[in-house]
Amino acid sequence: MTARLAALALVLLLAVLAGHAAAQAPAALAIMQKQRELHQAKDEEETLAVKIVDKRGAVKQRRLVRSILTAPDGLSKVLVRFVAPRDIANTGLLIWEARDGDDDQWLYLPGVKKVKRIAASGKKNRFLGTDFAFEDLRPEAIAANRYESAGSETLDGQDCWVIEAFPATARQAADSGYSKRRLWVRKDITQIVKREYYDTKGRLEKVQTDRRLVNVRGPLWRADEIEMHDVQSNGRTVLTLEKRALDTGLKDSLFTETELAREGT
Amino acid sequence: MRERLALVAAALISLAPGIAAAQDAPTGLAALGIKGTAILKNFSHFDTTHDDPQLIRDEGLVRLEIARRLAPWSEVRLVGEVRKDDGDLTDGVTFQIQEKDPRRSVLDLKEAVLTLRGGPVDVTLGKQIFAWGTADTFNPTDNLNAYDYLDVIDNEKLGLWSAAFRLTAGATTATFVVVPAFVPSRLPLPRSRWIPEIPRTFMGVADDRQVPGVSADNMQYAARVRTTVRGVDVSASYYDGFEHVPVLRVSSLAVAPGVTLPRFAPVFTRVKVPGLDVSTTYGKFELHAETAARFVESRGRDDRWQGIAGFNYTWDTPPLPGVEQVVFLAEYAREITLHSRSSSSFLPLDAVPGLGDLISSTIFREALIGRALVKLSEDTQVKLTAVLDLDSAPNAYVQPKVTHRITDAFQVEGGLDLFAAGEPDSHWGRYRRNNRVFVFLKYFF
């Protein structure tokens with residue numbers, strides 16, 4: 001009788017745990033959807049100073065402009081263009097977000113004046129010597145990830161949900177450089193403030209920390225400083241905001257091959 | 001000349017550490033919005049050739065670039081160059097809409113583009129450089145710009161005075177280009193090491209080339225429609241204009257009663273070139289293909305079909321010590337003669353070594369191209385390029401090259417140009433006495 005009761009208790013416990021996990025999954029997804037909806041502007045343009053510090057402490061400075069346009073269907077187009085230093089000036093990256101995460105990406109190299117489509121595997125490559133991979137520069141692809149709740153934590157005095165993100169499909173897993181990401185989402189403003197990136201072997205690879213959060217308008221928040229720390233190579237890249245403009249009416253025609261290849265101002 | 005170039009190099013090296021400060025607070029030209037690049041090139045050949053005893057050639061180049069937004073809907077961009085070399089490739093100062101000088105100008109306006117925008121329409125006017133096509137090594141659909149082939153390997157595109165109209169709608173862009181004045185490619189100079197030896201027994205009369213003049217009949221046009229559908233980039237293009245490398249028209253010249261000599265006149269073939277290119281990705285591969293048919297409209301002999309297809313593959317963190325990444329490229333190029341006018345007075349492209357064939361795209365009549373870019377660090381990479389010509393007896397061109405960024409402002413490149421194997425009259429075998437070491441110093445300011 002005791003054994004039966006113990007078995008029943010175990011079954012009930014497992015059922016409760018399973019139910020708890022099942023209940024958490026949509027909650028995590030809902031949080032991620034909410035954070036994306038809340039913090040998405042119609043269009044946005046930022047000029048960022050990029051400081052790259054390698055493991056020996058050598059410092060390199062870059063400057064880039066990142067433009068984002070979000071269509072009514074919620075999908076974004078992103079144009080990233082380096083403006084300094086001179087040897088990589090005008091190098092650009094264009095991303096057209098796809099709902100399944102299988103984005104179109106093109107790279108423009110001014111030396112050969114050519115726009116080249118980048119293969120899926122290229123998304124995990126580092127972007128021009130920074131600690132950011134191409135895939136780190138795209139908006140959070142909700143449909144391309146499976147989100148699970150990992151509880152709550154206090155981070156820098158702020159109560160946060162901790163959410164784990166996994167590639168949703170085998171194809172996404174093959175295309176991504178990460179097996180898992182842990183995301184810290186501030187509960188008061190539903191904003192991601194920290195990301196941990198785990199490599200394909202499950203080891204912690206990079207930590208992204210968003211600092212100097214500012215309330216741009218309404219529920220929309222932005223970080224004026226973002227640091228990506230590669231804990232494996234001990235390199236760091238710090239993006240510092242120099243200029244930001246929201247909803248200025250960026251045109252869809254800015255996010256084309258023609259504009260990607262345009263050199264100049 | 002070499003001493004002067006060395007002095008400039010020393011000055012550039014001494015200036016290089018100043019870049020960090022220059023980035024923080026632009027001074028000098030940078031404060032005026034002018035970007036500059038200074039390049040010193042040294043080519044050291046292992047052999048002299050029949051007509052060219054010079055083993056070492058030095059070249060200095062300073063390029064200045066300025067871009068200004070004139071209005072929210074308009075901007076201008078100018079790129080000017082000052083260059084000099086000790087190989088007699090530059091001569092005086094010239095400014096021509098229709099560039100025909102056999103040598104480079106010491107002062108040159110490389111690009112001058114006025115851009116006007118209005119809604120989905122975009123117009124660019126001025127001296128422009130276009131780059132169409134998806135292949136890496138050779139682009140059959142890229143026909144607008146002529147090339148400077150004074151150094152066949154270290155070649156570069158020539159800017160083209162033109163007007164381009166672009167209409168963008170979603171993922172589709174349509175481009176139409178009008179070129180009022182034809183510009184021929186700049187060919188290797190007579191007696192240069194890139195001109196193969198003509199047999200001493202050969203007798204004939206060579207006329208000056210006949211460059212099409214500037215007229216309504218000689219206007220050139222090109223159009224391209226590019227779109228992206230389900231992860232595939234597709235472009236259809238059309239070019240109605242001249243080939244930039246001449247063919248030889250043969251006639252005879254009576255020099256005495258009963259004695260005639262062959263007479264050769266370099267002329268430029270007018271062609272119509274429909275083309276198509278595609279690019280997509282599959283897993284870790286970027287796949288591309290490009291094709292064009294070259295139909296002779298006048299002054300030519302053969303209608304030709306050209307195609308090239310290949311892939312790029314990126315190998316991240318390979319298990320090789322000190323290697324961060326390797327990017328592989330492989331391409332196969334093929335050309336087929338669709339129709340030959342056998343009674344034509346124009347010589348086949350490969351009939352006379354040294355003119356046309358050797359520097360035209362027929363070098364890719366049947367070729368395998370391979371490239372491995374080995375990234376050792378963000379600052380250092382090694383690139384190995386090989387082009388294997390399968391058209392005649394296999395012959396090849398191989399270029400190993402190392403690029404190292406000393407600072408963000410100062411880079412050094414060095415490598416070898418090797419023309420390997422093959423018969424002396426094969427595509428690459430003809431340059432077998434041009435094996436060389438090259439070193440480039442680049443300073444960005």
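## A sheet in chain B

Select β10 of chain B together with strand β14, residues 259–267 of chain B; the two pair in the parallel sense over two bridges. This is a predicted model. In general, the strands of a sheet pair through backbone hydrogen bonds, either parallel or antiparallel.

The three strands form an open sheet in the order β10-β14-β13 (chain B), and the pairing is mixed. At the edges are β10 (205–206) and β13 (247–256) of chain B, each of which pairs on one side only.

## Confidence along chain B

Colour chain B by pLDDT. The average for this chain is 88, and 91% of the residues score at least 70. Residues 4–23 of chain B, however, have a pLDDT below 50; this stretch has 27 contacts in the model beyond near neighbours in sequence. Where pLDDT is low, the predicted coordinates should not be read in detail. For the model as a whole, the scores are ipTM 0.82 and pTM 0.84.

Turn to chain A, whose secondary structure comprises three helices and 13 strands. Of its 265 residues, 38% are buried. Among chain A contacts between residues at least 6 apart in sequence, 46% join residues at least 24 apart.

Next, select L93(A), L94(A) and W106(A). In the largest nonpolar core, which has 30 residues, these three touch the most other members. At least two residues of this core come from each of β1 (43–53), β2, β3 (76–84), β4 (92–96), β5 (104–109), β12 (220–230) and β13 (235–246) of chain A. The greatest contribution, five residues, is that of β3(A).

Centre the view on W106(A). Leaving aside residues up to four places away in sequence, W106(A) touches L94(A), V115(A), K116(A), R117(A), I118(A), E257(A) and L260(A). Another core, of 24 residues, lies apart from the largest one; W132(B), V183(B), A222(B) and F242(B) are among its members.

## Where the chains meet

Which elements of chain A give two or more residues to the side that touches chain B? The contact takes 28 residues from chain A and 36 residues from chain B. The elements in question are β2 (59–70), β6 (114–117) and α3 (257–260) of chain A. Coloured by residue class, this side of chain A divides into seven nonpolar, ten polar and eleven charged residues.

Terms used. Residues are numbered from 1 along each chain as its sequence is written. Chains are lettered from A and ligands numbered from 1 in the order in which they are written. This is a predicted model: local features need pLDDT of at least 70, side-chain atom pairs count only at pLDDT 80 or more; totals for chains, interfaces and linings use all residues. Two residues are in contact if their C-beta atoms, placed from the backbone, lie within 7 Å. Helices (H or I, at least four residues) and strands (E, at least two) are DSSP runs, numbered from the N terminus. Ala, Val, Leu, Ile, Met, Phe, Trp, Tyr, Cys and Pro count as nonpolar, Asp, Glu, Lys and Arg as charged, and the others, Gly among them, as polar. pLDDT is the predictor's confidence in each residue, from 0 to 100. Two strands pair if DSSP finds at least two bridges between them. A nonpolar core is a set of buried Ala, Val, Leu, Ile, Met, Phe, Trp, Tyr and Cys residues joined through C-beta atoms within 7 Å. A residue is buried if 20 or more other C-beta atoms lie within 10 Å of its own, exposed if 12 or fewer, and partly exposed in between; C-beta atoms are placed from the backbone.
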